[in-house]
Amino acid sequence: MGKVRLDNIRLYAFHGCLQEEGVIGSDYRVDLEVTADLEKPSRSDRLSETVDYVHLHAIVREEMGIRSKLLESVAARILDRIFLEIPEVITGEVAISKINPPLGGDVQQVTVILSKTR
């Protein structure tokens, strides 16, 4: 068993319940971790036998590009696509953080974390 992590993926997107969030946008951070059996690829050295982190990154970028009111919806879409497209993944966890959220206070970020198991 092993893990593949993508830490601190930085993106600009347009999520949120406020109308201006859909126009102005915000900075986001995404952290992703998946577990899979990495024994075979660790010995074969074949990309086709492992969880390709380029593929994971593409899923995150594409799903973050689809506007949603809730970060929970975006996180669920990311996990659903990972489980659909990458059968080697056994568990996954995604954390999406909105940097400097518009909530009327001095808050560095808000974060939603979702996990899923096959």
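Modeller: Let's begin with a definition: helices (H or I, at least four residues) and strands (E, at least two) are DSSP runs, numbered from the N terminus. Asp31, for instance, lies in strand β2, residues 26-36. Mind that this is a predicted model, where local features need pLDDT of at least 70, side-chain atom pairs count only at pLDDT 80 or more, and totals for chains, interfaces and linings use all residues. Residues are numbered from 1 along each chain as its sequence is written, and side-chain values use heavy atoms, with hydrogens and water left out.

Colleague: Which residues does Asp31 touch?

Modeller: Touching is contact, meaning heavy atoms within 4.5 Å. Leaving out residues up to four places away in sequence, Asp31 touches Leu6, Asp7, Asn8, Glu93, Val94 and Ala95.

Colleague: And with which side chain does the side chain of Asp31 make a polar contact?

Modeller: A polar contact is a pair of N or O atoms within 3.5 Å; within protein, one must be able to donate a hydrogen and the other to accept it, and residues adjacent in sequence count only if both atoms are side-chain atoms. Here the partner is the side chain of Arg29, at 2.7 Å. Also, a polar atom of the Asp31 side chain lies 2.6 Å from the backbone nitrogen of Asn8.

Colleague: What about the nonpolar core: which residues touch the most other members?

Modeller: In soluble globular proteins, nonpolar side chains tend to be buried together. A nonpolar core is a set of buried Ala, Val, Leu, Ile, Met, Phe, Trp, Tyr and Cys residues joined through side-chain atoms within 4.5 Å. The largest one has 28 residues, and Leu56, Met64, Ile82 and Ile96 touch the most other members. The elements giving two or more residues to this core are β1 (2-13), β2, α3 (53-64), α4 and β3. Helix α4 supplies the largest share, seven residues. As for Ile96, its contacts beyond four places in sequence include Tyr28, Met64, Leu71 and Val110.

Notes: Buried < 20%, exposed > 50% of the residue type's maximum accessible area, 1.4 Å probe, protein only.
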